[in-house]
Structure formats: C-alpha cells, structure tokens
Amino acid sequence: MKKLIFALTAAVTMVAGAAQAERYVMVTHGEGKDPFWPVVQKGGEDAARAVGADFEYIFNPSGDMGDMAKSITAAAATQPDGIVVSLPDPDALGGAIKAAVAAGIPVVTMNSGLESSKEVGALMHVGQPEFLAGQSAGARAKAEGATKALCFIQEAYNTALNDRCNGYGESVPTKLVDSSNDPATIPTRAAAGLQANPDIDAVLSVGPHVCVGVQQAIDELGMSVHHSCFDLSPPVMDMINAGKVQYTIDQQQRLQGYMPVIVLHLYNNGAGLLPGANIPSGPGFVDKSNASSVAALAGVDR
C-alpha cells in the first residue's frame with residue numbers, strides 16, 4: 001500500500017511538474033521609452049502567474065525590425081509552448097513568425113498586425129482595429145470643430161500607427177509628421193511641425209509619450225488647437241483633466257498582454273481550444289467624464 005501511495009504521489013508530482021514547465025515568450029517592438037509597453041508586459045506576467053506558467057518578455061531597444069526578427073527566431077529556438085508577438089511590420093517579421101509556426105510553435109499576434117496575422121500563420125490576434133480607432137477619433141474631432149490636422153507618429157514603419165493617422169484623416173484632412181520615439185526629441189520635432197503648418201486647428205498624437213511632448217510644444221508656442229491622443233499614462237490623464245487634451249483612445253493594452261497567454265494555455269491544454277474570432281481590445285474613449293476613475297490605473301493596468 002505504501003508503495004502504491006508513493007507511486008501515485010510521484011505521478012501527481014510529475015504531472016504538476018509538467019504543468020509548471022509550460023513556458024511562453026512575448027516579443028514586442030518599441031524602444032523601451034514608451035510607457036505603453038510595461039502595461040502589456042505586466043498583463044502577460046499576470047496571465048502566466050494565473051495559469052502557473054513561466055513567462056519571458058523580450059523587446060528590442062534599437063527599435064530595428066531586423067533585430068526584432070532575430071529575437072523571434074531566437075525565442076523559437078528555445079522551443080517555448082507558445083510565442084506572443086506584436087506585428088508592426090509584416091514584411092520584416094513575417095518570415096521569422098512563419099518559421100516558428102512551421103517548427104510547431106503556436107503563435108498569437110497582438111497589438112499591431114491584425115490584417116496580416118492569419119497570413120503569417122498565427123492562431124489569432126488580440127488588439128484594437130487601428131483604422132477603426134482612427135476613424136472614431138477623427139469623427140469625434142470633426143464633430144468638435146477640427147478642420148485640418150497634423151498627426152504626430154513615432155514609428156513611421158508601424159502599420160498600426162499609420163492606420164490611426166489615416167483613419168483620423170477620413171474625417172479631418174491630416175498631414176503626418178515624424179515625432180521620433182525619444183521623449184527628449186519630441187517637443188522640438190513637434191514645435192517644428194506646428195510652426196511649419198500654422199493653418200492647422202487640430203493635432204492627433206498616436207502615443208502617450210508623444211501626447212506629452214506635443215502638448216509641451218503647444219504650450220510653449222502659446223497655440224490653441226484641438227488635441228487628441230492614443231493610449232493612457234498618468235500625464236495624459238492630467239492633461240485631460242486640465243482641459244488641454246480633449247480625449248485619448250484607450251486600446252486596453254493590459255488585455256493585449258493578458259489574453260494571448262490565456263489563449264495559448266487553453267489551446268495547449270484543451271485540444272486546440274480557441275475563441276471563434278480575434279479579440280478586439282478597443283477602441284474606447286477616455287475624456288473628462290471618466291478620466292478621474294481611470295487615472296489610478298493608467299500606466300499600471302490600463
């Protein structure tokens with residue numbers, strides 16, 4: 001009897017050990033200066049903790065797509081139970097993702113790359129339909145009086161950010177301006193763009209640190225323009241409450257980190273169990289009506 005109990009205990013321990021060995025890797029773009037991504041990372045970490053899995057987060061400080069493709073290839077070589085990856089440049093990253101899928105690693109794309117997710121072999125996508133989000137931002141801006149705008153974009157290669165600007169431009173004629181991704185550089189770039197286009201009456205900033213830097217330039221130039229943004233951070237919430245920014249689009253990036261890990265866990269442990277469609281994480285509006293309630297979560301879980 002003692003031998004039987006010992007054998008059963010050992011078997012349970014082996015099963016538990018196997019469950020604990022589940023491991024997921026998340027690879028995202030960005031330069032490490034954007035307050036958006038720590039919330040995504042935290043979502044992935046929280047999901048992994050919830051299912052008892054190990055979790056590794058990788059981003060490329062260079063922001064170079066070639067480097068990101070190499071990171072995906074390196075992650076795949078470790079044979080994780082799944083890879084979660086953002087897809088800002090399908091042409092540059094598609095080959096590495098397809099190779100991971102061909103090696104038997106399930107992949108879920110998130111954040112950017114909705115339109116190319118299926119093409120590169122991913123199981124599904126978790127993120128905001130970016131063109132739709134841009135359309136929503138532009139329609140509201142037009143209703144609030146915007147007639148001509150600049151869209152400040154920090155990653156010119158990023159299809160998702162371009163979709164935001166172009167969607168906005170369907171309602172408000174818009175010119176794209178490269179803000180850079182460096183918070184120290186953004187105010188200078190923004191000031192140059194604003195001074196070169198004195199006839200604009202609206203601005204769209206497609207990232208929270210861009211929003212802060214652009215508003216700094218607006219204040220220093222003494223301009224009065226309709227300013228709307230994308231994504232959340234404590235400073236963005238402060239600017240909304242102060243009436244400087246009219247609203248920001250919330251894509252709920254915590255879900256973009258959390259849900260792919262849960263999806264991969266269910267897929268691996270439920271005989272291919274998957275949602276019936278992609279999971280849209282946004283868009284939603286944060287403005288003066290709800291900024292105060294959201295502020296405590298901005299940059300942490302929102």
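Ser228 stands opposite Tyr247 of strand β10, in a predicted model for which local features require pLDDT of at least 70 and side-chain atom pairs count only at pLDDT 80 or more, whereas totals for chains, interfaces and linings use all residues. Residues are numbered from 1 along each chain as its sequence is written, and side-chain values rest on heavy atoms, with hydrogens and water left out. Strands β9 (residues 226-230) and β10 (residues 247-250) run parallel and are joined by three bridges; strands (E, at least two residues) and helices (H or I, at least four) are taken as DSSP runs numbered from the N terminus, and two strands are said to pair if DSSP finds at least two bridges between them.

Both β9 and β10 belong to an open sheet of six strands, ordered β7-β6-β8-β9-β10-β12, in which the pairing is mixed. Its edges are formed by β7 (174-178) and β12 (284-286), each of which has a single partner strand, so one side of each is left without a neighbour in the sheet. The twist from one strand to the next averages 25 degrees, with axes fitted as lines to C-alpha atoms (for helices over the stretch in contact) and angles running from 0 to 180 degrees between N-to-C directions.

Strand β5 (residues 125-127) pairs with β11 in the parallel sense over two bridges, and Val126 stands opposite Ile279 in β11.

The protein chain is divided into domain 1 (23-128 + 252-281) and domain 2 (130-250), the bounds being taken from an automatic or database domain assignment. The C-alpha centres of the two domains lie 28 Å apart, and 19 residues of domain 1 are in contact with 20 residues of domain 2, where contact means heavy atoms within 4.5 Å. The area buried between the domains is about 1500 Å², of which carbon and sulfur atoms give 44%; buried area is the accessible area (1.4 Å probe) that two parts lose on being put together, summed over both. Across this interface, zero salt bridges are found (a side-chain nitrogen of Lys or Arg within 4 Å of a carboxyl oxygen of Asp or Glu).
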